[in-house]
Amino acid sequence: MAMDTREEEAIQAVVERLTDAYATTRTPEEIGAAVTEAHASFKDRPVRDFVPVLVERKARAALDNEASTRQ
């Protein structure tokens with residue numbers, strides 16, 4: 001399913017928020033990869049309204065989990 005403009009803008013906003021939140025612990029590439037992976041997991045879902053919120057939660061969890069395993 002192709003992303004519409006609204007969803008694309010919302011996902012970009014997720015990337016920006018996570019980049020700000022993880023600026024000291026994650027590279028932009030790591031953040032982008034986490035968001036891309038999280039977003040891909042929702043690709044076949046027909047209802048798209050909450051996908052950006054779910055992507056942000058899943059990406060944060062992945063970034064937090066990786067941080068705890070690095071220590």
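These are my notebook entries on a few places in this structure.

**Ground rules.** I am reading a predicted model, in which local features need pLDDT of at least 70 and side-chain atom pairs count only at pLDDT 80 or more, while totals for chains, interfaces and linings use all residues. Residues are numbered from 1 along each chain as its sequence is written, and side-chain values use heavy atoms, with hydrogens and water left out.

Leaving aside residues up to four places away in sequence, Ala59 touches Leu18, Ala34, Val35 and Ala38, a contact being heavy atoms within 4.5 Å.

**Arg48.** I then turned to the loop between α2 and α3, where Arg48 sits, and noted that Arg48 counts as buried at 16% relative accessibility, because buried means under 20% relative accessible area, with exposed over 50% and partly exposed in between (1.4 Å probe, protein chains only). The side chain of Arg48 reaches the backbone oxygen of Phe42 at 2.6 Å, and a polar atom of that side chain lies 3.0 Å from the backbone oxygen of Arg45.

**Thr19.** Last, I checked Thr19 in helix α1, which is partly exposed with a relative accessible area of 27%.

Terms used. Helix = DSSP H or I, 4+ residues; strand = E, 2+ residues; numbered from the N terminus. Polar contact = N/O pair within 3.5 Å; in protein donor to acceptor, adjacent residues only side chain to side chain.
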